[in-house]
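Biologist: Please put the model on the screen, and let us go through it by question and answer.

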Amino acid sequence: QLQLVESGGGLVQPGGSLRLSCAVSGSSSDSYAIAWFRQAPGKEREGVSCISPSGRNTNYVDSVKGRFTISRESAQNTVYLQMNLLKDEDTAIYYCALKDVRSKLLQHSCTLDLRSYKNWGQGTQVTVSS
């Protein structure tokens, strides 16, 4: 059974850093894109960052460019989101999601459209506050 488990959330002061982890288990394929989404109270869920199945390409929402870095360690089936220079507005529940990719033509791309992702983790809370 496919499972995604997030960890690494917590309380941090503005300007601080956190590293989120998304551990994938039970996948029948090793070809998948992973994305991080977040949802703040009263707001819609938004895409934050994604990484292609090959790991060669990444995307970021404009508000986190230059501050967040996504990476994947295939041997451990884990994707990380390094978050630096955190701001109050980064406070949200962060979810990782998986999109199975079978086409060889899509190995180097990923999307931040949440409709493309069928498998989700339970989320981890990130709170940025002084």
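Predicted model: local features only at pLDDT ≥ 70, side-chain atom pairs only at ≥ 80, totals over all residues.

Biologist: Is Ser49 buried or exposed?

Modeller: A residue counts as buried under 20% relative accessible area. Ser49 has a relative accessibility of 0%, so Ser49 is buried.

Biologist: How far apart in space are Tyr60 and Ser21?

Modeller: Along the sequence, Tyr60 and Ser21 are separated by 39 residues. From C-alpha to C-alpha, the distance between Tyr60 and Ser21 is 17 Å.

Biologist: What separates the C-alpha atoms of Phe37 and Val48?

Modeller: Phe37 belongs to strand 4, residues 32-39. Phe37 is buried because its relative accessibility is 0%. Phe37 and Val48 are eleven residues apart along the chain, and their C-alpha atoms are separated by 5.1 Å.

Biologist: Is Gln107 buried or exposed?

Modeller: Gln107 is in the loop between strand 9 and strand 10 (119-120). Leaving out residues up to four places away, Gln107 touches Ser31, Ser52, Pro53, Ser54, Val101 and Arg102. The relative accessible area of Gln107 is 17%, so Gln107 is buried.

Biologist: What is the phi of Leu85?

Modeller: Leu85 lies in the loop between strand 8 (78-83) and strand 9 (92-100). Most residues other than glycine have a negative phi. Leu85 is not a glycine, yet its phi is positive, at about 50°.

Biologist: Is Leu85 buried or exposed?

Modeller: The cut-off for exposed is over 50% relative accessible area. Leu85 has 51%, so Leu85 is exposed.

Biologist: Now the whole chain. How many helices and strands are there?

Modeller: From the N terminus on, the order of elements is β-β-β-β-β-β-β-β-β-β-β. The count for the protein chain is zero helices and eleven strands.

Biologist: What is the radius of gyration of the protein chain?

Modeller: The globule rule gives 14 Å for 130 residues. The chain comes close to that value, so it is as compact as a globular protein of that length, with a radius of gyration of 14 Å.

Biologist: What part of the accessible surface belongs to carbon and sulfur atoms?

Modeller: The accessible surface of the protein chain comes to about 7,000 Å². Buried residues account for 41% of the 130 residues. The part of the surface that belongs to carbon and sulfur atoms is 46%.

Biologist: How far apart are the centres of the positive and negative side chains?

Modeller: The protein chain has 14 positive and 11 negative side chains. The centres of the two sets are separated by 5 Å.

Key:
Residues numbered from 1 in each chain as written. Heavy atoms only, no water. Buried < 20%, exposed > 50% of the residue type's maximum accessible area, 1.4 Å probe, protein only. Helix = DSSP H or I, 4+ residues; strand = E, 2+ residues; numbered from the N terminus. Rg over C-alpha atoms; globule rule 2.2 N^0.38 Å. Areas by Shrake-Rupley, 256 points an atom, 1.4 Å probe, with all protein chains shown as cover. Lys, Arg positive; Asp, Glu negative; His and termini not counted. Charge placed at Lys NZ, Arg CZ, Asp CG, Glu CD. Contact = heavy atoms within 4.5 Å.
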